[in-house]
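Please read the following briefing alongside the sequence and the coordinates.

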Amino acid sequence: MAAVTTREAITRPPLAGAVFAVRELRFWLTNYRRTWRGSIYSSLLNPLLFLGALGLGLGSLVNQHRDAAIGGVSYLVFLAPGLLAATAMTTAVGESTYPVLASVKWVKTYQAATASPLRPADIFHGHMLFVALRLTMNCAIFLAVSAVLGAVHSYWALASLPVAVLTGLAFNATIESWAITRTRDTSFAVIFRFGMIPLFLFSGIFFPITQLPGWLQPIAYATPLWHGVALCRALTLGAVTLGGALINVGYLVGLTAIGVAAGNRSYRRRLYV
Amino acid sequence: MIRARGLVKRFGDFTAVAGIDFELYRGEAFGFLGPNGAGKSSTMRMIGCVSPPSGGELSILGLDPVADGPVIRARLGVVPQEDTLDLELTVRENLLVYGRYFGLSREVIRERTAQLLDFVQLSDRAEDQVEPLSGGMKRRLTIARSLINEPEILLLDEPTTGLDPQARHAVWDRLFRLKQQGVTLILTTHYMDEAEQLCDRLVVMDRAKIAAEGSPRELIKRYSTPEVLELRFEPDRHQVAAEKLAGVPAERREVLADRILLYVTDGDVTLAAVRALGLEPLTSLVRRSTLEDVFLRLTGRRLED
């Protein structure tokens, strides 16, 4: 164990940030190798259950009305892009809560990483990269299942994949920047119950926002999930407008940027005491 | 290698480290001794560049821990107070993951893993999950992990707290070998035998300050007498004996609940003097002064949490 300076370690910012984040990503990938099989099953099962029960089952009733509010397409086709965005949200929120608290409090793998050249922000960005990968996986599987069930009619639907991933990252960055400040997991249940479930139900996934009471509509338009749902759907149905897309993407990118800035700060405050 | 001047760490209104000075040289084993809450771990975290100092100066390997944290940490090894191993990964995977944090290639990590597991006697557990390993094995694995980047300085925060005697000796043995290999060791402990075994030089910290500094031998010489006479009397005679003993010359005397300690140059001579007073203790023990005597003298016998 000669005391030699390790050459490879002398990497300096700004490139170091990306290099360090990838090192943290590789840590998460090593961990994920143990659980990826189980996660694939649930990524497959989830779209099958929802698209089957609601898209095909409930859809058979909805379709009898041929309502113009859902754009004159079958309910399955209307529903699928909305659920795609919702899948991104649930995946992101799941990855941004318990695993983060586990890393900083229960298993302390984050503390282990801080003893290496990695800085708190690198650790944060590395986890975000991992979440981005998980989002891509889950959303791609969802799209594939929807295609098999006949919910996808155009190659444009492929463009909804990056939009769904971006939607997930907006949730990931903001929630993770908050989750790292927690000392107990009780508040996570609140996020699930009073955050995710209302968003899931009232962001235009199951019915158009225009069906909501007038006073509720502006609130729905202000939520991140609606922007994800709206753009995924517009792309899938081939009804996208440049202005609308820019607003949706701008909103999601902006929210992600705010989350990253907040997380850079909160990770440092938690890990460098 | 490390230089601190007036180093301060505050958490809100609480001052954990209240202006300490120390200097550390290459190849030595340096100890921070002190009761719980004395500021040892806070100091270690500042040296580990994961806790920005609130005041004073700190230079590590000639660099600034706030600005050059990544560069410094690449040359440090850290054994934290609480194990931060990934319990669900195997022993080998823990080293792999950690080695990657330092940007080491898979081949280098594989090579070092073999050496390090051999060094901490865990080679036969390489493919096992960490979770079921004993406390001593986890500690040894943490030490192996901290060496993956071949650090110049190894920081050990209470390396043997909570281990059984065999496991402690196994850890000491490994640390002693590292010292011989030229690795600079910094450790905190509240075990006196650990400090005496391992440290060339140490500071005793108490209430956020440094109370004394020196080699174990110097400290004993400066703050205690060569020998200690420990006397035990029947409980009902304890108080009376303590009063009578005031007549026996001793540099310092300490009356505890169950024993009376006399700090003297020659314990046997003093024991004879005690008997000459007509006092016959139940048991008597003449022993050499230890760091523990120094420690208790400097930090008192009050109880910290």
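Residues are numbered from 1 along each chain as its sequence is written, and chains are lettered from A in the order in which they are written.

**Confidence**
- Over residues 1-11 of chain A, pLDDT stays under 50, and the model has 27 contacts for them beyond four places in sequence, a contact meaning C-beta atoms, placed from the backbone, within 7 Å.
- Where pLDDT is low, the predicted coordinates should not be read in detail.

**Chain B overall**
- The secondary structure of chain B comprises 11 helices and 13 strands, taken as DSSP runs (H or I, at least four residues, for helices; E, at least two, for strands) numbered from the N terminus.
- Along the principal axes, the C-alpha atoms of chain B fill a box of roughly 75 × 45 × 35 Å.
- Among contacts in chain B with a separation of 6 or more, 71% join residues 24 or more positions apart.

**Helices α3(B) and α4(B)**
- Helix α3 (residues 91-101) of chain B packs against helix α4 (residues 106-119) of chain B at an angle of about 130°, with the axes 10 Å apart, where axes are lines fitted to C-alpha atoms over the stretch in contact and angles run from 0 to 180 degrees between N-to-C directions.
- α3(B) is therefore oblique to α4(B), given that angles under 35 degrees count as roughly parallel, over 145 as roughly antiparallel, 65 to 115 as roughly perpendicular and the rest as oblique.
- Residues making the contact include B:Leu95 and B:Leu96 of α3(B) and B:Ile109 and B:Leu116 of α4(B).

Technical notes:
Predicted model: local features only at pLDDT ≥ 70, side-chain atom pairs only at ≥ 80, totals over all residues. pLDDT = per-residue confidence, 0-100. Contact = placed C-beta atoms within 7 Å.
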